[in-house]
Amino acid sequence: MSDPFSPRGPAAASHWAERPERSNMFFLRIMVWISLRLGRRAGRLVLHLIVIYFLLFAPSAHRASRNYLRRVLERPPGLSDCYRHFFRFASTIHDRVYLLNGEFDRFDIRVIGEEVMEQVLAEGRGAFLLGAHFGSFEVLRALARQRPGLESAMVMYEENARKINAMLAAIAPGRGGEVIPLGRLDSMLRLREALNRGKIVGMLGDRSLGSEPARQLPFLGELAYFPTGPLRLAALMKRPVLLMAGIHLGGNRYELHFERLEDFSDGSGDRSEVAGAAMARYVKRLETLCRLHPYNWFNFFDFWAAGHARTGGAG
């Protein structure tokens, strides 16, 4: 099997959206089989073999891991650092199988900032959760079980939505939850309806498509592109935005963070300027979380070089 994370060639540069998905789905199906057939403890033992395999035969992901770890650790990373990075990623995918299937009792999950979430839910107008490819978004399901009124949906571009739906169908058919694809005629209508029903709508704010408006901000020592769309969407919908991170601490332990990032509810002021300031806070906070929990960053491509492959739309 070829490098499952590799771009298709020089023309595709290192843009994450260009990566082939067949191998990723193959990897995912292996993980599902292991999880359901062998159980979590035995499955985690097999994860070590899978991680060794990918360290040996996924050179682009290995290079991207080293590049990121060098920045976040502020020292040359060793093989053990890359191993921990890959293993943390594999562990969250492995655990995703159990979280999507409602087996929350397997995990020790601590919630930081639950009062922020409770306040937003009490207002009943819905809100956005802005996350990243950092840790696990699925641990949010554990909180939803404790609070029956918490309903969530994910919003993303259609191509991503198609991939995510395929992934969720492979892990837990019929239990993936609502995914609202952007770019369709009814996208805004569906999103507004979800918010009006008080739903929490998740978005990921660290990766941008090639033509999507984005802004360069300092991140781990160098400028990187971040999409402006998520916060502009929240400003358009006049809803609060919480930063959310489901951090894997090792073993069966997770820490779920909620922090208020911005509230666009009153619609006053220059929304573009307010969204820009909120975006800078998001990136700064993401950088802090990366330094505190360096092995939870799951962008296995050259995150900084990806910006140079953009076809336009920066600003």
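Predicted model: local features only at pLDDT ≥ 70, side-chain atom pairs only at ≥ 80, totals over all residues.

Trainee: Now Arg 71. Why is Arg 71 called buried?

Mentor: Buried means under 20% relative accessible area. Arg 71 has 13%, so Arg 71 counts as buried. You'll find Arg 71 in helix α2, which covers residues 59-73.

Trainee: What does Arg 71 touch?

Mentor: Not counting residues up to four places away in sequence, Arg 71 touches Leu 220, Glu 222, Arg 291 and Trp 304. The side chain of Arg 71 also has a polar contact with the side chain of Asn 67, at 3.3 Å.

Trainee: What makes that 3.3 Å pair a polar contact?

Mentor: The cut-off for a pair of N or O atoms is within 3.5 Å, and one atom must be able to donate a hydrogen and the other to accept it. The Arg 71 and Asn 67 side chains come in at 3.3 Å.

Trainee: And Phe 57: what is Phe 57 called, with a relative accessible area of 44%?

Mentor: The label "partly exposed" covers values between the 20% limit for buried and the 50% limit for exposed. Phe 57 has 44%, so Phe 57 is partly exposed. Phe 57 sits in helix α1, residues 22-57. With Leu 49, Ile 52, Tyr 53 and Leu 56, Phe 57 makes a nonpolar surface patch of about 510 Å².

Trainee: Let's do salt bridges. What makes Arg 40 and Asp 95 a salt bridge?

Mentor: The rule asks for a side-chain nitrogen of Lys or Arg within 4 Å of a carboxyl oxygen of Asp or Glu. For Arg 40 and Asp 95 the N to O distance is 2.8 Å, so the pair qualifies. Arg 40 lies in helix α1 and Asp 95 in helix α3 (residues 79-100), so the pair ties together parts that are 55 residues apart in sequence. Both Arg 40 and Asp 95 are buried.

Trainee: How many salt bridges does the rule give?

Mentor: The count is 11. Another one of them joins Arg 106 and Glu 103, at 2.6 Å from N to O. Arg 106 is partly exposed at 34% relative accessibility, and Glu 103 is partly exposed at 29%.

Trainee: What about Arg 110 and Glu 255: how do you know they form a salt bridge?

Mentor: Their N to O distance is 3.2 Å, and the limit is 4 Å, so the pair passes. The pair links distant parts of the chain: Arg 110 is in strand β1 (residues 108-112) and Glu 255 is in strand β9, 145 residues apart.

Trainee: Are those two partners buried or exposed?

Mentor: Arg 110 has 51% relative accessibility and exposed means over 50%, so Arg 110 counts as exposed. Glu 255 has 13%, under the 20% limit, so Glu 255 counts as buried. The side chain of Glu 255 also makes a polar contact of 2.8 Å with the side chain of His 257.

Trainee: Last one: why does Arg 207 have no salt bridge?

Mentor: The nearest side chain of opposite charge, Asp 206, is 4.8 Å away. The rule needs within 4 Å, so Arg 207 has no salt bridge. Arg 207 is buried, and lies in the loop between β5 (200-204) and β6 (214-219).

Notes: Residues numbered from 1 in each chain as written. Heavy atoms only, no water. Patch = residues over 30% accessible without salt bridge, like charges linked within 9 Å, V, L, I, M, F, W, Y side chains within 5 Å. Areas by Shrake-Rupley, 256 points an atom, 1.4 Å probe, with all protein chains shown as cover. Helix = DSSP H or I, 4+ residues; strand = E, 2+ residues; numbered from the N terminus. Buried < 20%, exposed > 50% of the residue type's maximum accessible area, 1.4 Å probe, protein only. Contact = heavy atoms within 4.5 Å. Lys, Arg positive; Asp, Glu negative; His and termini not counted.
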